[in-house]
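Please read them with the structure open.

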Amino acid sequence: MAQKQTAPSPAELEFGGPLGTAALMLLLPLTLFHLLLTCHSGPCSLLSLPSELPPISAFWSSGALLLLLFWLGFQATLYLLPMGKVTEGRMLRDKSHLQYPLNGFRCLGLTALLVGLGLAGGLPFGNLSEMLLPLASAATVIAFFLSLFLYLKSFTVPPSALAPGGNSGNPIYDFFLGRELNPRFGSFDLKYFCELRPGLIGWALINLALLLREAERQRGWPSLAMGLVSAFQFIYVADALWYEEAVLTTIDIIHDGFGFMLAFGDLVWVPFIYSLQAQFLLNHPQSLELPVAGAICLLKAIGYFIFRGANSQKNTFRRNPSDPSVAGLETIPTATGRHLLVSGWWGMVRHPNYLGDLIMALAWSLPCGVTHLLPYFYFFYFVILLVHREYRDERQCLQKYGLAWREYCRRVPYRIVPYIY
Ligand code: NDP
């Protein structure tokens with residue numbers, strides 16, 4: 001069955017349609033600020049409001065806005081540096097292919113080098129940990145204006161450049177989902193840039209600032225719990241950039257338009273929510289026994305093994321099905337000419353990469369102990385996100401592949417967790 005190219009019908013609207021997406025645009029920033037404030041409060045209770053709200057001035061500073069604009073400009077400059085390979089993306093509707101630079105890992109390395117030089121020069125990097133509130137506000141404002149710009153820009157491109165799901169005709173819904181699939185300025189791809197650079201590297205940087213602040217407070221050394229959380233999450237960031245090419249076969253790039261959902265997700269949610277465990281540990285220190293730390297490391301390693309194995313297998317297969325590492329795998333042919341893997345990782349469950357990611361998410365929360373719910377927010381949110389994402393992907397795959405997808409579901413009956421879900 002060929003992929004649909006028309007606007008989605010009312011029955012196909014996702015996230016509860018215009019009403020649901022309007023609610024999400026309000027709820028997501030509210031949740032963000034609730035969590036940031038809760039994390040810094042004494043009781044740190046997810047279910048009650050912080051007893052005392054800081055003054056409005058604590059939420060905004062022009063210094064934070066300038067710092068963020070500098071950060072975006074700096075990462076954009078690194079993105080444009082002619083280093084590393086350039087690769088081709090998936091064929092688009094008009095039969096063309098876009099080119100993407102694969103220099104993300106080098107950008108991370110250069111950023112790390114400059115941060116290291118700054119630290120050696122006495123830059124008070126730990127101060128960032130006290131600026132999270134105004135930085136999050138500034139990032140939210142930037143994500144909103146970026147989404148507005150993207151929405152308006154999408155009316156200047158031909159219909160073939162629109163995302164399959166984001167051109168319903170309802171402005172609120174389309175603003176949220178994103179109308180244009182690959183908005184660009186010349187060769188600068190805005191969605192690809194935001195996916196893995198400023199927010200993801202920014203997350204690692206926030207974690208580093210929190211770790212440094214904790215080390216200062218403890219006269220030199222961070223706690224084992226903080227060390228583990230920072231190391232685990234840095235591995236995740238570095239891995240995403242090392243295997244940057246794999247992002248080109250993900251839903252965000254091949255299906256979703258670039259709108260508020262991805263702009264807010266990439267630039268605000270990732271750096272400020274994903275660093276919650278480290279924020280929690282700075283304000284609520286936890287002691288961790290070595291054997292427990294060892295068990296958590298093992299859990300992280302198992303999660304990473306599944307996550308990386310599954311993502312690399314699919315990416316290799318989609319790029320070159322005759323690659324020796326995937327050529328022997330069993331597949332199902334589809335009417336589009338593409339095949340579906342039905343053995344290897346993708347024969348175990350229909351989303352093995354989500355399983356690995358969820359196991360790693362749990363390993364990031366466990367160093368924070370079991371006294372508070374807040375460090376587990378990421379894990380529970382991630383379960384909801386990935387279950388919903390899996391449902392969205394199944395719907396799209398059924399549209400794309402029809403009977404072949406049904407056959408895949410028959411042969412691989414479990415979605416994410418073998419024998420459970
Ligand atoms: P996937 O990378 O799983 O991409 C789904 C696509 O893969 C499908 O649309 C289909 O596209 C293809 N596919 C599905 N089944 C098969 C099969 N059996 N054989 C071959 N191809 C198949 O989804 P995501 O983009 O959601 O996730 C990518 C990674 O990013 C995951 O590891 C996920 O956990 C992670 N992630 C992390 C987030 C975070 O915030 N930390 C948020 C979201 C995702 P087609 O057939 O068109 O190629």
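How are H4 and H10 oriented to each other, roughly parallel or roughly antiparallel?

1. This is a predicted model, in which local features need pLDDT of at least 70 and side-chain atom pairs count only at pLDDT 80 or more, while totals for chains, interfaces and linings use all residues. Residues are numbered from 1 along each chain as its sequence is written, and side-chain values use heavy atoms, with hydrogens and water left out.

2. Helix H4 (residues 132–153) packs on helix H10 (residues 260–273) at about 165 degrees, with the axes 8 Å apart. H4 and H10 are therefore roughly antiparallel (angles over 145 degrees count as such, on a scale from 0 to 180 between N-to-C directions). The axes are lines fitted to C-alpha atoms over the stretch in contact, and helices are DSSP runs of H or I with at least four residues, numbered from the N terminus.

3. H4 passes H10 in a right-handed crossing (the near helix is turned clockwise from the far one by less than a right angle). On the H4 side the contact (heavy atoms within 4.5 Å) includes Leu132, Leu135, Ala136 and Ala139. H10 contributes Phe260, Ala263, Phe264, Leu267, Val268 and Phe272. By class, the contact of H4 with H10 has 13 nonpolar, 2 polar and no charged residues. Here Ala, Val, Leu, Ile, Met, Phe, Trp, Tyr, Cys and Pro count as nonpolar, Asp, Glu, Lys and Arg as charged, and the others, Gly among them, as polar.

4. H4 also packs against helix H2 (residues 62–80), at an angle of about 60 degrees and with the axes 8 Å apart. Ala64, Leu65, Leu67, Leu68, Leu69 and Leu72 of H2 meet Pro134, Leu135, Ala138, Ala139 and Ile142 of H4. This contact of H2 with H4 has 11 nonpolar residues, no polar and no charged ones.

5. Phe272 is listed with Leu32 and Tyr274 as having the most contacts inside the largest nonpolar core, which has 127 residues. Such a core is a set of buried Ala, Val, Leu, Ile, Met, Phe, Trp, Tyr and Cys residues joined through side-chain atoms within 4.5 Å, where buried means under 20% relative accessible area. Residues up to four places away in sequence aside, Phe272 touches, among others, Leu32, Leu36, Ile206 and Gln279.

6. Most residues other than glycine have a negative phi. Phe15, in the segment before helix H1 (17–40), has a positive phi near 55 degrees.

Note on methods. Helices (H or I, at least four residues) and strands (E, at least two) are DSSP runs, numbered from the N terminus. Angles under 35 degrees count as roughly parallel, over 145 as roughly antiparallel, 65 to 115 as roughly perpendicular and the rest as oblique. Buried means under 20% relative accessible area, exposed over 50%, partly exposed in between (1.4 Å probe, protein chains only).
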